[in-house]
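Please open the model in your viewer and keep the selection panel at hand. The stops below go from one selection to the next, and each says what is to be found there.

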Amino acid sequence: MSTSAVREREDDEELARSPKRTKVDELTDDGPIVADTSPLMSAALAEPDSKEGSLAAPAESVLPPSHTLLGIAPTFSSNGLRQVLQTDVGISEYISRDVPPISGIIKQRFTDFLVFEVNQDHQVIHLKSLDMPESSSKKGKADTPWNDRFTDKLTPYLSEASINQLKMMFLEGREPPRLTDSGWGGRVTKTTEDEEVDVSQSEDTGKRGKNRGGRGGRGDRGDRGGRGGRGRGRGGRQGGEREDNRKVLSEPISSKTDRTALHQAVRELFGGKLDSETDMSTPAGDDGSRIAIKWSRNGGGRGGGRGGRGGRSDRSDRGNHPPYIHFTLQKTNRDTQDALGYLSRTLHVNTKDLSVAGTKDKRGVTVQRVSLRRGNKTVEDIWKSANQSNRRSVQEILSQRGDRGVRIADFNYRKAGLELGMLKGNAFVITLRNVQVESVETLDRAMNSIKYKGFINYYGMQRFGTAAVPTHSIGLAILKSDWHKAVSLILQNRPGEHPEVVAARDAWLVDGNLDQALALMPRRVVAERCILESYKKQGGETRNAMGALSTIPRNLRLMYVHAYQSYVWNAIVSERIRIHGPDKAVPGDLVFESEPVAKGVSGENDEMEVDDDAGNEKQATEGKGMSSRERKKAAKAAYVAPSIKILTEEDAHKYSIFDIIMPLPGRDVDYPGGTLGERYREFLTLDGLDPDNFIRKQKEYTLNGSYRKILQVPKDFSWSILRYTDPDVPLAQADEDKLLGFDPPVVVDDGKFRALQINLTLGTAAYATMALREVTKTETSSHFQTGLTQASEDQQFRGVVAGDAGELGDDDTEMEASNTLDS
């Protein structure tokens, strides 16, 4: 009987505490959308105490001028800043206002929010195996190095002695064995001890100087090698590679047909690993020519296939595989870009060589595919580097979680890399804790409303950041070419940040010490570090703000301007729902007259992230197996501007609410008719933008508009009620923990508290937190949910066994009957 490993209870705060998480007493007093006077809500929104010596922020609002059109008066804490709420970014309406809210806490634990990417073949991505992979060529050697088929195939052309000799040579492998005699081993030439070649280092650096090797030596012209000599025989020696004199000779074969058949047999059996050729070392006699069989030099000519400055013996094996390695990444409480940055350092590759189909939420456990332009690395190399096998045993690797919340597995070679948008969506397993609901009927109504009526397809709070300075405000400054204001907003202090980030900001903003600020600023704070490093290169000069901004990675810069587009879209959609309701199409609404020709060019798949912290508006295109350049050309050629229809009184009844789209402001888009179209212009004009001109001198900031459906309906939607007492006990399990054999979540029938677990699948444009908002009807921003967690009643029962928590109340009895319900 197999037993699963028992692990200590996971503590989210110890595993990877978010640097942006704030304490309850540090939160502001801004209220949620739905009034709630409960102690839990009050604690979550407690007024912060002003700290002595805190850096005073300007009283000027960081929100765009158009914020006044939302009809919300912002309030500020004593330091002039506040955390941004849903209403500040246009999120205010609901589909099911008639259904009472179901209070609950979102993302109390990382495993309460599981995300699994759905690939273009509609397959849900999971971690499958943590074992070390093997390249196919090496698998072939290990699995069937030699069998009876080889002997049977060669017997008509080779003697038994020759077949045995060939078998021995093949099983020895490509690298000739070191021998002390003058046999096949081929001695390593040594002129002095200092000139002995280090094979283990030759892959990357080789030996320069006398043993340089170049791209393949000319043979016996000393030891210098030369740039591209013809070498000895077919390929020339690479620097540091022992000469291979091994070969197997057939008996003389007089029949040309038999010689040809032997050549074909060698190609079929050994797949190009061995070469056969007419032996020129002995003259052909009356009995015919001999055939020589030896290890292939693979690449021949100028130094064994660009062998570099002394390639290793398996260099050709590495080169035979496709240029990309794909693998599955599971990350816990890490931004996608942060996780990729960690991988680039661990794998010793450039961050630009790593790519994903879409970025994922930070606070949670997410699984997705990643592609790597591998260069000379194999899947074995990547596995060893990622798992730091130089300091961890295989047993430790296969029994412990990945370092820093990152684990990669399931490696494959592929001809092309991934690009943003190359996915169908994401599957979620979401657990709401400490759920409070009036009755089973209320829960049923809320779940069925989501299942059949969907939710408003808002851009979630992740789009706008979790700090007091929202990303869309920075985006507006960039669109107005106010470079200094954009830089100032990025560097500005934010309440509740990690102490090391606060210290780094103060070192620059208060003390003006650039070196100290850079020394203190963590690598994960990307934009700020880029600006400070730019100032450092300019000798402390800060006048070139546009240049400093340009050093921020392009995706991150575009995230700011896309966040502004999203803010306007949210605000207009809220107005549309408020005026016309969420039930039917009305005159003035926009629909696609025909679905876009190239999927992903326009329509609901323009925005590629699901609960992402970055804005990835890159368009998805078809064309698996195509190179990146070919895909871009195909996308450009395939683009056809979608045909948009403005509904009238005569045809509005022909369309449903699920057909309605709304444009993201930009060029080449149509705006809805009537007051909504006017509202778009009002927002843009008040923010100092020209509604008729979105072209910028800096082309990357030119806004290309797109369309997005205003409602989203989830697929594969189901739900269940779970019981728990200890809030630290997981109610869902991550893939890595399953593979490591950790104990699965256990349902506690007599648990004191109730949890609601929801399974659903969403398209690439949707935010799962916006679906949950439709259920809870409360604020979904991370700082607010953190306050709810810390003020929640279940926190008093950390480490308490269910049976010790007392008897269940009478009001809990009715809900027990529903724990097997499925919508």
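Begin by selecting Trp146, Phe150, Phe170, Phe270 and Trp295, which together form one aromatic cluster; rings of Phe, Tyr and Trp (its six-membered ring) pair here if their centres lie within 6.5 Å, with planes under 30 degrees apart counted as stacked, over 60 as edge-to-face and the rest as tilted. This is a predicted model, in which local features need pLDDT of at least 70 and side-chain atom pairs count only at pLDDT 80 or more, while totals for chains, interfaces and linings use all residues. Residues are numbered from 1 along each chain as its sequence is written, and side-chain values use heavy atoms, with hydrogens and water left out.

By the ring rule the count comes to 18 aromatic pairs. Select Tyr459 and Trp569, an edge-to-face pair with 5.6 Å from centre to centre and 85 degrees between the planes. This pair links distant parts of the chain, 110 residues apart, since Tyr459 is in the loop between strand E11 (455–456) and helix H13 (471–479) and Trp569 is in helix H19 (residues 554–580); helices (H or I, at least four residues) and strands (E, at least two) are DSSP runs, numbered from the N terminus. Tyr459 counts as buried because its relative accessibility is 0%, and Trp569 counts as buried at 0% as well, where buried means under 20% relative accessible area, exposed over 50% and partly exposed in between (1.4 Å probe, protein chains only).

Tyr724 belongs to strand E17 (residues 715–724) and Phe753 to strand E18 (residues 753–763), so the pair ties together parts that are 29 residues apart in sequence. Tyr724 is buried at 2% relative accessibility, and Phe753 is buried at 4%.

Now display the open sheet of three strands, whose order is E3-E5-E4 and whose pairing is antiparallel; two strands pair if DSSP finds at least two bridges between them. Strand E3 (248–249) and strand E4 (274–278) are the edge strands, each pairing on one side only. E3 pairs with strand E5 (residues 291–295) over two bridges, and Leu249 stands opposite Ala292 in E5. Helix H6 (residues 256–270) packs on this sheet and touches E4 and E5, its direction making about 170 degrees with that of E4; axes are lines fitted to C-alpha atoms, for helices over the stretch in contact, and angles run from 0 to 180 degrees between N-to-C directions.

Continue to helix H15 (residues 499–509), in which Val501, Ala504, Arg505, Ala507 and Trp508 are buried. Viewed down the axis of H15, these buried residues fall within an arc of 155 degrees, so they line one face of the helix, the arc being that of the directions from the helix axis to the C-beta atoms. They pack against helix H14 (483–491), helix H16 (514–520) and helix H17 (526–537).

Finish at strand E15 (residues 706–709), where both faces are covered: Ser706 and Arg708 on one side and Tyr707 and Lys709 on the other are all buried. Strand E14 (residues 661–664) pairs with E15 in the antiparallel sense over four bridges, and Leu664 stands opposite Ser706.

Technical notes
Contact = heavy atoms within 4.5 Å.
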